[in-house]
Protein chains: 2
Amino acid sequence: MAPKLTGLLETCLYVDDMERSRVFYRRLLGMDPLFAEDRITVFRLPDASALILFARGATLEAVETPGGSIPPHDGSGPSHFALGVAEGDVESWRVHLTGCGIAIESEVAWSNGRGHSLYFRDPDGHAGELVTRRLWARS
Amino acid sequence: MAPKLTGLLETCLYVDDMERSRVFYRRLLGMDPLFAEDRITVFRLPDASALILFARGATLEAVETPGGSIPPHDGSGPSHFALGVAEGDVESWRVHLTGCGIAIESEVAWSNGRGHSLYFRDPDGHAGELVTRRLWARS
């Protein structure tokens, strides 16, 4: 029996060019990062979770803080993540992606009325998804 | 101006041995996966988000569904993700990790009372974090 979990708190993307990715996500998300450094950029999302960009290869050593040590990590390859969007906002997101010059690679209408996904590629080839929040909700 | 986002909906981990990772996360999270296939295992979290395990190299082609095409993706390297835990449950999680035979690699007490993180490694070397929910909350 595990203690209670609340949900996802951080999703990370490893990027080759921090400035390029920061520009891309600032425009896509329509927000400034909470903080932006050469090694790490954090976008705080409305549910108090974070989309975090790490410069690839820049966190291969533990990061020491006054409160303890953050373990090393890194990644490569075109990974996947999804952000939830409000019901009824799919068309607005379609328009927004187009306005940002971001191609919609594909769309999926999920069965059983579970909503709709828009897929795009970020500058590193990561497969991003914008999907209506009810995809994983209990029916 | 971007349309509204709700927050994170999916974090993905690429794993070398799906059964091994499924056993690990089932025990750690204290829940059965929503579905479990050779290619993909989905754990639905309490906030209707999902922690998704993908067998490495098994999603290099698009997945066709009746409602559209899911783009290919993949990843390697010891990446990072974080799950939120309830305030006051850090000690319970410490006990639970130990009970699962999972070593706590390090801990961080965040400054300004922003909470506490427990870090562990999963079977693929991914750096998992259990952190009190208020880390990224607006102060």
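**Figure 1. Contacts and overall make-up of chain A.** Among contacts in chain A between residues at least 6 apart in sequence, 43% link residues that are at least 24 apart. Please keep in mind throughout that this is a predicted model. Chain A holds two helices and 10 strands, and their order along the sequence reads β-α-β-β-β-β-β-β-α-β-β-β. Along the principal axes, the C-alpha atoms of chain A fill a box of roughly 45 × 45 × 25 Å. Chain A has 139 residues, of which 42% count as buried.

**Figure 2. The two domains of chain A and the side where domain 1 touches domain 2.** Chain A splits into domain 1, covering 7-76, and domain 2, covering 78-139. Taken over C-alpha atoms, the centres of these two domains of chain A are 21 Å apart. Their contact draws 11 residues from domain 1 of chain A and eight residues from domain 2 of chain A. On the domain 1 side, β1 (5-15) and α1 (18-29) of chain A each supply at least two residues. The largest share of that side comes from α1(A), with five residues. Sorted by class, the residues on the domain 1 side are four nonpolar, three polar and four charged.

**Figure 3. The side of chain A that touches chain B.** The contact between the chains takes 62 residues from chain A and 62 residues from chain B. Several elements of chain A each supply at least two residues to this side, including β1, α1, α2 (90-99) and β10 (127-132). β1(A) gives the most, with eight residues. By class, the side of chain A that touches chain B has 32 nonpolar, 20 polar and 10 charged residues.

**Figure 4. A strand pairing that crosses from chain A to chain B.** β1(A) and β7(B) run antiparallel and are paired over five bridges. Within this pairing, A:L8 sits opposite B:L83 of β7(B). B:L83 is also among the residues touched by A:L9.

**Figure 5. A:L9 in the largest nonpolar core.** The largest nonpolar core has 64 residues, and among them A:L9 and B:L9 touch the most other members. Leaving aside residues up to four places away in sequence, A:L9 touches A:S49 and A:A50 in chain A. From chain B, A:L9 touches B:A82, B:L83, B:G84, B:V131, B:R133, B:L135 and B:W136.

**Figure 6. Strand β9 of chain B and its partner β8.** Strand β9 of chain B, residues 116-121, is mostly covered, with five of its six residues buried. Strand β8 of chain B, residues 106-109, pairs with β9(B) in the antiparallel sense over four bridges. In this pairing, B:V108 faces B:S117 of β9(B). The hairpin of β8(B) and β9(B) has six residues between the strands, and in it B:N112 takes a positive phi near 60°.

**Figure 7. From β9 to β10 of chain B.** β9(B) is joined by five bridges to strand β10 of chain B, residues 127-132, and the two run antiparallel. B:R121 stands opposite B:A127 in β10(B). Five residues lie between the strands in the hairpin of β9(B) and β10(B), where B:G125 takes a positive phi near 85°.

**Figure 8. B:P78 and its surroundings.** B:P78 belongs to the loop between β6 (68-70) and β7 (80-85) of chain B. Is B:P78 buried or partly exposed? B:P78 has 16 C-beta neighbours inside 10 Å and therefore counts as partly exposed, since being buried takes 20 or more and being exposed 12 or fewer. Not counting residues up to four places away in sequence, B:P78 touches A:H73 and A:D74 in chain A, together with B:G125, B:H126 and B:A127 in chain B. B:G125 is the residue with a positive phi near 85° in the hairpin of β9(B) and β10(B). B:P78 and B:Y119 lie 41 residues apart in sequence, with 13 Å between their C-alpha atoms in space.

Methods: Residues are numbered from 1 along each chain as its sequence is written. Chains are lettered from A and ligands numbered from 1 in the order in which they are written. This is a predicted model: local features need pLDDT of at least 70, side-chain atom pairs count only at pLDDT 80 or more; totals for chains, interfaces and linings use all residues. Domain bounds come from an automatic or database domain assignment. Two residues are in contact if their C-beta atoms, placed from the backbone, lie within 7 Å. Ala, Val, Leu, Ile, Met, Phe, Trp, Tyr, Cys and Pro count as nonpolar, Asp, Glu, Lys and Arg as charged, and the others, Gly among them, as polar. Two strands pair if DSSP finds at least two bridges between them. A nonpolar core is a set of buried Ala, Val, Leu, Ile, Met, Phe, Trp, Tyr and Cys residues joined through C-beta atoms within 7 Å.
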